[in-house]
Amino acid sequence: MPQLDVIIGPKEHSFEVAEGENLLFEAISRSVMIPFNCTSARCGTCRVKVLAGGEHLNEVGDPEELRLGEEKVNDGFRLACQAYVYGDVKVEVPQPRLY
Ligand code: FES
């Protein structure tokens, strides 16, 4: 089974997921709380940066690209609610800037 690593602040959470499962739902079902709101590519709250294994995710769809913008997509960002896992993947939840 694919391994999903989710970095939130100083902590890294690692767990196995069934192939083809949704990144956001798999994380929150294990109490790994990636922030989210709409779950439908409208709010952008669930944005994560892919650090490794981006090729093991489904392709970026039009609603996701529209929400993130081309630059963020090219920088490796995904919407967790739109990402499906097909192999080992490591993502990081961006931390809010204090200033
Ligand atoms: S939760 Fe709103 S875009 Fe993913």
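Start by selecting asparagine 22, which is buried, with a relative accessible area of 4% (buried means under 20%, exposed over 50% and partly exposed in between, with a 1.4 Å probe and protein chains only). Before you go on: this is a predicted model, where local features need pLDDT of at least 70 and side-chain atom pairs count only at pLDDT 80 or more, while totals for chains, interfaces and linings use all residues. Residues are numbered from 1 along each chain as its sequence is written, and side-chain values use heavy atoms, with hydrogens and water left out.

Stay on asparagine 22 and show strand S3 (residues 21-22), where this residue lies. Strands (E, at least two residues) and helices (H or I, at least four) are DSSP runs, numbered from the N terminus.

What does the side chain of asparagine 22 reach at 3.0 Å? That is the backbone nitrogen of leucine 24. Then look for the backbone oxygen of cysteine 81, 2.9 Å from a polar atom of the asparagine 22 side chain. Leaving aside neighbours within four places in sequence, asparagine 22 is in contact (heavy atoms within 4.5 Å) with Ala80, Cys81, Gln82, Ala83 and Tyr84.

Next stop, the sheet. Colour the five strands of this open sheet in the order S2-S1-S7-S4-S5; the pairing is mixed. Two strands pair if DSSP finds at least two bridges between them. At the edges you'll find strand S2 (11-16) and strand S5 (77-79), each pairing on one side only.

Zoom in on strand S4 (residues 47-52), which runs antiparallel to S5 and is joined to it by three bridges. Pick valine 48 and you'll see its bridge partner in S5, arginine 78.

Last, the core. Select Val6, Leu23 and Ile34, the residues with the most contacts inside the largest nonpolar core, which has 25 residues. Such a core is a set of buried Ala, Val, Leu, Ile, Met, Phe, Trp, Tyr and Cys residues joined through side-chain atoms within 4.5 Å. Strand S1 (3-8), helix H1 (23-28), S4, S5 and S7 each give two or more residues to this core.

Finish on valine 6. Not counting residues up to four places away in sequence, valine 6 touches Lys11, Glu12, His13, Phe15, Val32, Ile34, Val91 and Val93.

How values were computed: Polar contact = N/O pair within 3.5 Å; in protein donor to acceptor, adjacent residues only side chain to side chain.
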